[in-house]
Amino acid sequence: MKKVLLTLFGIVAVASIATAQEQKTTWGVRAGLNVANMTVKSGNVKVSYDARASFNVGASLQQSIAPKLPFFLETGLYLSGNGSKYTAGGETIKITPMYLKLPVAVSYHFNVKNVVNIQPYVGFYYGLGLGGKLKYESGAVSEEFNLFRKTTLEFGNESYEMSKQMKRSDFGMRFGVGVAFRTHYYLTLGYDLGLVNTAYKSTDSEFDYGTLKNKAFFISLGYNF
């Protein structure tokens, strides 16, 4: 996963250096809504989880990469909430990870009468887990576990160390479409599809967390400078 992150940074750096002096660069700020969910699989059984609403906020960079064609490299840094919720048989499980995401995508800009600019894009993202909880509730029982680090549970005079629940690194595809109004005002609708298993399988316990993959629809409003 470190190689993936270095590769994404490398693409951004090379494209920026190669075109910065002669092509257009646009910076922007973004904020909006995530409707996140997770693909959950244990063995051959898939479990249906419910979507979870969260938020995204960050800064974007668009860099033109073709002298005569409206192809752009898009990247940025975003704070983005993911996760899911499961309720059945009186039990509730809430998974609430927060990621710092670095997307790298290529977009094509369709200019409509210099008023609206339609920008479909496709690419990848890398997510670094900053924090989050797995909360379990069943009747009067309520427990919280850290997603990305170990949790110490107290039982009377005894304590038990629970392994972390998820790996910090996430990687997947990103695609969607953005619309710029009169250059500065921006709206985007997109989808992140996780490609890697983020579940952590402890080597010192019998717990099997199966397969967890992130996915999320998002909509954001923004302003380009």
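Rings of Phe, Tyr and Trp (its six-membered ring) pair if their centres lie within 6.5 Å; planes under 30 degrees apart count as stacked, over 60 as edge-to-face and the rest as tilted. By ring pairs, Phe71, Tyr108 and Phe110 are linked into a cluster. The model is predicted, so local features need pLDDT of at least 70, side-chain atom pairs count only at pLDDT 80 or more, and totals for chains, interfaces and linings use all residues. Residues are numbered from 1 along each chain as its sequence is written, and side-chain values use heavy atoms, with hydrogens and water left out.

In total, the structure holds 9 aromatic pairs. One of them joins Tyr99 and Phe148 edge-to-face, at 6.0 Å centre to centre and with 70 degrees between the planes. Because Tyr99 lies in strand E6 (residues 91–108) and Phe148 in the loop between strand E9 (141–146) and strand E10 (151–155), this pair ties together parts 49 residues apart in sequence. Strands (E, at least two residues) are DSSP runs, numbered from the N terminus. Both Tyr99 and Phe148 are buried, that is, under 20% relative accessible area, where exposed means over 50% and partly exposed in between (1.4 Å probe, protein chains only).

Tyr185 and Tyr223 also pair edge-to-face, 5.5 Å centre to centre with 75 degrees between the planes. Tyr185 is in strand E13 (residues 185–194) and Tyr223 in strand E14 (residues 211–224), 38 residues apart. Tyr185 counts as exposed at 51% relative accessibility, whereas Tyr223, at 32%, is partly exposed.

Definitions and conventions
Helices (H or I, at least four residues) and strands (E, at least two) are DSSP runs, numbered from the N terminus.
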